[in-house]
Structures are given as structure tokens and as C-alpha cells.
Amino acid sequence: MQAVATQNTVNLETIKGAIAEKIDSVCFSSWIEPLNLEIENGVLNCWAQNQFSANYINATFGNVLRGVANHFGLDIKVAVANAGRSIRTVAPVANDNNTQTFSPVAVATEKSADMNAFDKFVSCDDNVFVVSACKKVASGAVAFSPLYIHGTAGCGKTLLANCIKDASAGRVIMMTGGQFVAEFTRSLHDRTVFAFKDYCRNCDTFILDDVQALAGKKATMDEFLQLVMDLRACGKNVVLTASVAPNNLNGFDRRGQSLLASGLVADVVVPNTHVKTVLLRRAGVAIDVAEQLAGRIANDGHLVAGVATKIQTYAELMGEAVNMDVATRLLADTLQKAKTPLAMVKAMCEKMGVSYESVCGAGRSRNLVLARQTMMVVLKEATGLSLSEIGTYVGNRDHATVLYAIKQIEKQKATDLVLTAQINQLIAECR
């Protein structure tokens with residue numbers, strides 16, 4: 001009997017070694033090594049700690065396990081360990097949720113909803129859609145999970161995610177991408193990975209900020225994608241933020257990109273002058289100073305917050321109000337140089353490939369006329385100049401010429417999307 005038992009143990013260790021050769025080491029240590037293996041009546045029984053792990057192993061590693069078992073002349077069975085069965089332990093049992101718990105750094109919160117949380121986010125017309133989608137998620141289960149929010153740094157993605165967290169009822173888990181990587185890695189090291197899985201799934205809303213932090217980390221990415229699928233299947237809300245759209249995520253395979261794009265993808269635009277003014281006013285900056293500073297601060301919410309903090313701190317320490325002269329000196333390293341209309345015209349000439357002398361001259365070629373008329377429209381939208389004043393910067397044209405040019409461009413914009421995009425970009429650069 002002892003010889004048979006020894007031979008059985010050797011066979012099990014050999015089988016585990018054969019499996020380890022066919023999958024990567026992280027997946028093996030996370031999923032296969034914690035299994036209790038047992039050979040009975042020509043069947044290799046793989047006893048998992050819970051139903052989730054059994055289902056995941058069957059779906060992900062089923063073909064590999066069947067191939068190894070067939071090589072040894074065995075059938076394969078992956079199931080949850082029977083509580084009434086005496087299971088032989090060949091290694092320390094890992095991740096038994098009945099005896100181990102997972103204590104994350106990012107603690108879940110359970111509270112009532114506070115829809116006023118969205119008042120913290122100052123919205124412009126371009127962000128009405130994404131803000132409405134966020135409010136819909138916070139109000140309860142929706143059909144477009146996951147909600148994927150993307151935008152450049154400083155546009156307010158993290159602030160929106162926090163608004164959803166504060167406005168959502170029930171249990172909410174919010175992590176950054178870096179935290180998720182660290183927590184999953186720690187659970188592997190501490191052999192509490194199944195407890196980590198249960199922790200992430202035991203929520204009403206799961207929020208992950210900066211998805212791109214998972215790029216290139218295959219085991220973590222696989223775990224995260226499985227988490228998204230499981231939460232969505234249970235009708236839970238999933239909210240994700242990233243710097244780029246799903247199809248532009250580097251380090252994610254096509255399957256991962258497709259899953260992240262399968263809900264609702266919405267972009268957040270950077271703060272415009274109005275939003276920056278409101279943010280500065282909320283921070284206590286005088287209205288005249290806020291309005292002037294808004295036009296000279298880059299479209300970055302983080303930068304606006306930094307400017308407000310600096311002004312508040314100066315007023316506290318020095319005991320005096322901050323006027324525009326003080327603000328200009330205080331923020332010399334931050335403020336963009338004021339753009340004069342002449343500088344705008346010369347910059348547009350360079351971008352459009354025409355000379356300033358030609359624009360101001362009497363030339364009537366098609367490209368030159370289009371460039372000149374485009375500049376008039378941009379100056380009208382980006383500055384407070386009158387039509388006569390605009391004419392002086394493009395060769396001393398009169399009021400009627402500028403008005404005619406604006407009408408011509410407006411007609412072309414209705415059918416020329418490329419021209420419309422070019423004009424919008426020039427306006428944004430001149431403001």
C-alpha cells in the first residue's frame with residue numbers, strides 16, 4: 001500500500017510538472033498550484049477551492065489539462081472540493097476563503113447616494129454627454145456597463161470617477177490601475193488570490209482609474225478582464241478611465257480592447273476658458289483676476305488647481321489680496337504669454353503655408369483667399385475684435401470685406417468637415 005501511495009504521489013508531481021511546462025509561471029502559481037490533485041478510477045480530479053476558480057480553470061486551462069491528462073492515460077475533472085471528502089494535501093493549501101481574508105489598501109465604501117457630488121465637476125457643453133452617462137451609472141444599474149471614460153491628463157477623468165463613487169449607493173470599490181496591479185501581485189505572494197477575487201466581485205460598483213497601468217502585465221490583465229466580464233454578467237456597474245480610447249491602448253490584445261469598448265465609450269474634453277474661470281472663482285480668486293488668468297493658463301485641470309492653491313497660499317501668508325499684477329509676477333513660470341492678434345495671424349500663416357506679406361497683399365489665388373478668410377473667422381471667434389479691427393490685421397481690409405469672408409467660410413463649413421476641424425483647432429490655439 002505504501003508503494004502504491006508513493007507511486008501515486010510521484011505521478012501527481014510529474015503531472016503538475018507537465019502542466020507547468022505548458023503555461024506561464026504566474027498563471028501556474030495562481031491557478032494550478034493551489035489545486036488538490038487526486039487520481040481515482042482513471043480520472044485526474046482537480047479540486048478547486050470555490051466555484052469561480054473551477055469555472056475559470058475549466059474555461060482558460062481546460063484544453064491544457066485535458067492534453068496532459070490524456071498523455072498519462074487519464075480523464076480530467078475540475079470541480080469544487082466536496083466538503084464531505086477527505087482531501088489529501090500535497091502542499092500548503094492556498095487561498096482558502098474559509099480560513100483566509102484579503103485586506104486591501106483601497107478599502108471599499110458602503111453608503112447612501114449623494115447626487116450633489118457631481119457639483120464638484122464644472123462641465124462645458126462638450127462634456128454634457130459624459131457627465132449625463134456618469135450620473136446614470138451612479139443612479140443604478142445600466143445597460144452599457146462598462147462605462148469607459150478617456151481623455152488627456154487634466155481633463156477631469158479622475159474627478160468624474162470620484163463623483164460616481166460619492167454619488168453611488170451600495171458597496172463601491174475604487175482603485176487606480178497601479179493599485180490593482182500591486183494588490184493582485186500581493187495576493188499571489190500571500191497566497192490569498194481567491195480572497196482577492198471575491199473581494200473585487202463583492203460590490204455594486206467597481207471603478208478602476210487609469211486602465212493603461214495594466215498594459216504589458218499579462219496575468220494581471222487576464223484577471224482584470226475576467227473581473228469585468230463577471231461583474232457585468234451579475235448586473236454590476238463597472239467604470240473605467242484611461243488616457244486613450246480602448247483601440248489605442250498599448251499592451252492590450254484585440255480581445256481586451258474589444259471587451260473594454262463593449263459598453264459605452266465617452267471622452268472628456270479639457271477645460272475651456274469658462275470652466276477655468278469658474279474653477280478659479282470657486283477657489284476664491286477675485287473675478288477680474290480669474291477672468292484674465294483663465295485665458296493664459298493651459299487647458300489642464302491640474303494646472304488650474306495648482307494656480308488656485310498658489311494664489312490662496314500667497315494671500316494667507318502675505319495677508320493681502322492678489323491683483324493681476326501680483327498674479328502675473330507670482331505665476332511667471334506658469335502663465336502663457338499673452339497672444340496679440342498680429343502674433344496669431346503670423347502663427348496661422350506658418351501653419352497654413354502662406355507668407356504674412358501675401359496675406360496682407362492683393363493676391364487673389366484660391367489658396368491665398370481661403371487662408372485669408374479663414375484667419376478672419378478665427379480672429380472673430382478667438383478675440384473680441386470688431387470686424388474693422390480684424391481687417392487691419394489682414395492687410396487693412398474694410399468691414400464689408402471681413403463680413404463677406406465670414407459668410408463664405410460659414411457656407412463652406414456646412415459641407416467641409418476638414419475645414420471645420422482646421423478652424424476649430426486654430427481657434428483653440430489662439431485662445
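**Exercise 1. Two crossing helices**

Which residues in α6 meet which residues in α8?

*Solution.* Start with the ground rules. This is a predicted model, where local features need pLDDT of at least 70, side-chain atom pairs count only at pLDDT 80 or more, and totals for chains, interfaces and linings use all residues. Residues are numbered from 1 along each chain as its sequence is written, and side-chain values use heavy atoms, with hydrogens and water left out.

Step 1. Find the helices. Helices (H or I, at least four residues) and strands (E, at least two) are DSSP runs, numbered from the N terminus. Helix α6 covers residues 177-190, and helix α8 covers residues 218-233.

Step 2. List the contacts (heavy atoms within 4.5 Å). Phe180, Val181 and Phe184 of α6 meet Ala219, Thr220, Glu223, Phe224 and Leu227 of α8.

Step 3. Sort these residues by class. There are 6 nonpolar, 1 polar and 1 charged. Ala, Val, Leu, Ile, Met, Phe, Trp, Tyr, Cys and Pro count as nonpolar; Asp, Glu, Lys and Arg count as charged; the others, Gly among them, count as polar.

Step 4. Describe the packing. The angle is about 105°, and the axes are 10 Å apart. Axes are lines fitted to C-alpha atoms, for helices over the stretch in contact, and angles run from 0 to 180 degrees between N-to-C directions. So α6 is roughly perpendicular to α8.

**Exercise 2. An arginine in a helix**

Is arginine 201 buried or exposed?

*Solution.* Step 1. Locate arginine 201: helix α7, residues 193-201.

Step 1. Check the area. Arginine 201 has a relative accessible area of 15%, so it is buried. Buried means under 20%, exposed over 50%, and partly exposed in between (1.4 Å probe, protein chains only).

Step 2. Look for a partner. The side chains of arginine 201 and aspartate 230 make a polar contact at 3.1 Å. Such a contact is a pair of N or O atoms within 3.5 Å; within protein, one must be able to donate a hydrogen and the other to accept it, and residues adjacent in sequence count only if both atoms are side-chain atoms.

**Exercise 3. A sheet and its strands**

What is the strand order of the open sheet of 3 strands?

*Solution.* Step 1. The order is β1-β2-β3, with mixed pairing. Two strands pair if DSSP finds at least two bridges between them.

Step 1. Find the edges. They are β1 (36-40) and β3 (75-80), each pairing on one side only.

Step 2. Inspect one pair. Strand β2 (residues 43-48) runs parallel to β3, joined by 6 bridges. Tryptophan 47 stands opposite alanine 79 in β3.

Step 3. Helix α3 (residues 51-71) lies across β2 and β3, at about 170° to β3.

Note on methods. Parallel < 35°, antiparallel > 145°, perpendicular 65-115°, else oblique.
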